[in-house]
Amino acid sequence: MAFTPPQRLVRALAETAPDGDDWLERLPELAQQVVARAGLTVERVQVPGGRSSLVLLVRTSEGVPAALKLAPERARPGSERAALAHWGGRGAVQLLEADVGEGALLEERLHPDVSVRSLPEAKALLEAAGTLRRLWVAPPEGHGFETVEERTARQARAMRADADADAELAPLVDAALGAREELLAAPPEQVLLHGTFRQSKVLAGDRMPWLAVGPDPVVGEMAFDLARLVRDRVEDLIASPSGAAITHRRIKRLAESLEVDQERLRGWTLFRAVESGVRARRVGRVKDSELLLEFADWL
């Protein structure tokens, strides 16, 4: 099967594996194997696609439209598969087959070019928040999902190393790590979270108006999941003279609508914005880093 991986995917994978690996080289063969095994017909590659996986728009042997997603092991496709299976289509895209091959997921086809982000901002936040609420369920007994404490511990070590090497980052990193320590001292609940939720992760569907895609599932408190939504359209917030005030109103509105503690949401929003900003700086995405760290400074 001959195709060119989308450049967005190539760039993103280079950030997560700076020393390189052979997954992209093996991708055409992997795709061919999965397509043949599952009896699929490929229509096209979804472009620009995601940052951690290749998505092929396909049809099953019965002619049903579907999406075939292939991801490297470091993107944790097994964890994504387990979360989607547990949700069973409630608020999230539905798996069509449990196991179609290495790093592969066969999912119902949504409308990949129509996300909640296409709506006016207020409506987009409302629809995204409603979708997120449906995903917050108890994790399966004996689950193997990473916890918020585990994930953020790994992130905190990288943040501290970057701050030690760059004194300019130290004040925000210190504030973010301090917030994390306080938040983990007494988490209010432990539920299954999407893990990387934002407006662009909510696509239009036929079975339901809006469904979440692309989770990097984690178990922890609801405020951690909601925090990423707070900074959606960050470039618009930074460009607005009242961006800081809008951000604080957004925190208040989202916290109230989803019955999440406002201060806990602010704390996780700070941690996640600083972590993303420091990571963007580490891989050379200077503009993204500046936007995120300026946003974090408002919190």
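At what angle do helix 4 and helix 9 pack, and how far apart are their axes? Helix 4 (residues 121-135) and helix 9 pack at an angle of about 35 degrees, with their axes 11 Å apart. Here axes are lines fitted to C-alpha atoms, for helices over the stretch in contact, and angles run from 0 to 180 degrees between N-to-C directions. Helices (H or I, at least four residues) are DSSP runs, numbered from the N terminus. This is a predicted model, in which local features need pLDDT of at least 70 and side-chain atom pairs count only at pLDDT 80 or more, while totals for chains, interfaces and linings use all residues. Residues are numbered from 1 along each chain as its sequence is written, and side-chain values use heavy atoms, with hydrogens and water left out.

The crossing of helix 4 and helix 9 is right-handed, a term for the near helix being turned clockwise from the far one by less than a right angle. On the helix 4 side, Glu 121, Leu 125, Ala 129 and Arg 133 meet Arg 250, Arg 253, Leu 254 and Ser 257 of helix 9, where contact means heavy atoms within 4.5 Å. The residues of this contact divide into three nonpolar, one polar and four charged. In this scheme Ala, Val, Leu, Ile, Met, Phe, Trp, Tyr, Cys and Pro count as nonpolar, Asp, Glu, Lys and Arg as charged, and the others, Gly among them, as polar.

Helix 9 (residues 243-257) also meets helix 10, and their axes come within 9 Å and cross at roughly 125 degrees. The two helices are therefore oblique to each other, the class left once angles under 35 degrees count as roughly parallel, over 145 as roughly antiparallel and 65 to 115 as roughly perpendicular. Helix 9 passes helix 10 in a right-handed crossing. Ile 251, Lys 252, Leu 254 and Ala 255 of helix 9 meet Gln 262, Leu 265 and Arg 266 of helix 10. The residues of this contact comprise four nonpolar, one polar and two charged.

Buried means under 20% relative accessible area, exposed over 50% and partly exposed in between (1.4 Å probe, protein chains only). The buried residues of helix 6 include Leu 172, Val 173, Arg 180 and Leu 184. At 1.5 Å a residue, the 16 residues of helix 6 (residues 170-185) should span 22 Å, and the end C-alpha atoms are 23 Å apart, which agrees. The expected span is 1.5 Å times one less than the number of residues.

Val 148 lies in helix 5 and counts as buried at 3% relative accessibility. Leaving aside neighbours within four places in sequence, the contacts of Val 148 include Leu 184, Phe 224 and Trp 268. Phe 224 belongs to helix 7 and is buried there. Helix 7 (residues 222-230) is mostly covered, with nine of its nine residues buried.

Two further residues differ in setting. Ser 79, in helix 3 (residues 77-87), is buried, with a relative accessible area of 18%. Not counting residues up to four places away in sequence, Ser 79 touches Phe 145 and Pro 217. Asp 21 is in the loop between helix 1 (7-16) and helix 2 (23-38) and is partly exposed, at 41% relative accessible area. Asp 21 and Gly 39 are 18 residues apart in sequence and 29 Å apart in space, C-alpha to C-alpha.
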